[in-house]
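This briefing covers the covalent cross-link, the nonpolar cores and some backbone details of one protein model. Please have the sequence and coordinates open while reading.

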Amino acid sequence: MKVFASLVALPSLATAHYVFPALINNGAATTQWEYVRQWTGYYSNGPVTDVSSLSIRCNVDGATKSASTLDVAAGSTVGFTAVSSITHPGTLQAYMAKVPAGQTAATWDGSGNVWFKIFGQGPTLGGSSLVWPSEGATQVSFKIPASLPSGQYLFRVEHIALHSASASGGAQFYISCGQINLTGGGSGTPTNLVAFPGAYKATDPGIMLNIYYPVVSRPFSSLIVERSSIRD
Ligand SMILES: *[C@@H]1O[C@H](CO)[C@@H](O)[C@H](O)[C@H]1NC(C)=O
Ligand SMILES: [Cu+2]
């Protein structure tokens, strides 16, 4: 019987995880899963760990789920709620993908080399350890480039939790995809488009690493996958 006693002491893994269920527009959170695709098993708050799976795009079954589409002004700041909070250290990123002609944000699966990064945030060095600005956050927000053309987009938040990332497959990807209709946009052209899956390898320098020891001495920005962007 003694053997089983230790089970009681195991922490609840679910409470250590988190989910991004709602868009925040004009400073106000919308209803959970109204404009964000409700992926299969969302109530587990669990991460995606296989970067080669379709789930890396919009979480489990998220490519084929559908939500309502929110009108958002180009150049404005749009966020996601983080429930109940981002409890792990890691890299925060946001990507967008323009819905192709003949599709809508509600119908499109986000396939192809279509995703561009609008935000990437690694750690700062605090004393002799890394400090992660998003750790503990209950919401995260991103400026939508003013130069992006008007139209419908998928809007993908990604927090790459790195607390157990020293082995391949150890990084935990917390992902949601929102649906937005961008208004008042410009004529910019996003570059370095990537696909999900495809953008990452399990052994990429910013995905397989030990964030505790030895302390990363080179600029961490070099470890973030900086392949895609649009600049105003
Ligand atoms: C997107 O916004 C434009 C400009 O307000 C509007 O004309 C259009 O109907 C909207 N499209 C969708 C699908 O909401
Ligand atoms: Cu967790």
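The link between C58 and C177 is left-handed, with -80 degrees about the S-S bond. This is a predicted model, in which local features need pLDDT of at least 70 and side-chain atom pairs count only at pLDDT 80 or more, while totals for chains, interfaces and linings use all residues. Residues are numbered from 1 along each chain as its sequence is written, chains are lettered from A and ligands numbered from 1 in the order in which they are written, and side-chain values use heavy atoms, with hydrogens and water left out.

**Disulfide**
- The count comes to one disulfide, where a disulfide is a pair of cysteine sulfur atoms within 2.5 Å.
- The sulfur atoms of C58 and C177 are 2.0 Å apart.
- This pair connects distant parts of the chain, C58 in helix α3 and C177 in strand β11, 119 residues apart.
- Helices (H or I, at least four residues) and strands (E, at least two) are DSSP runs numbered from the N terminus.
- C58 counts as buried because its relative accessibility is 1%, and C177 is buried at 0%.
- Buried means under 20% relative accessible area, exposed over 50%, and partly exposed in between (1.4 Å probe, protein chains only).

**Nonpolar cores**
- A nonpolar core is a set of buried Ala, Val, Leu, Ile, Met, Phe, Trp, Tyr and Cys residues joined through side-chain atoms within 4.5 Å.
- The largest one has 32 residues, of which F20, F80, M96, V140, F142, I144 and F155 touch the most other members.
- Two or more of its residues come from each of β3, β4, β5, β6, β9, β10 and β11.
- β10 (151-161) gives the largest share of this core, four residues.
- Another core lies apart from it and has 28 residues, including V48, W108, L154 and A165.
- Leaving out residues up to four places away in sequence, V140 touches F20, G79, F80, I86, L92 and V157 (contact means heavy atoms within 4.5 Å).

**Cis peptide bonds**
- The bond from V83 to S84 is cis, with omega near -5 degrees, and S84 sits in the loop between β4 and β5.
- F196 and P197 are also joined by a cis peptide bond, with omega about 0 degrees; P197 belongs to the segment after β11.

- D61, in the loop between α3 and β3, has phi near 65 degrees.
- D61 is partly exposed, at 41% relative accessibility.
- N192, in the segment after β11, has a positive phi of about 55 degrees.
- N192 is partly exposed too, with a relative accessible area of 46%.
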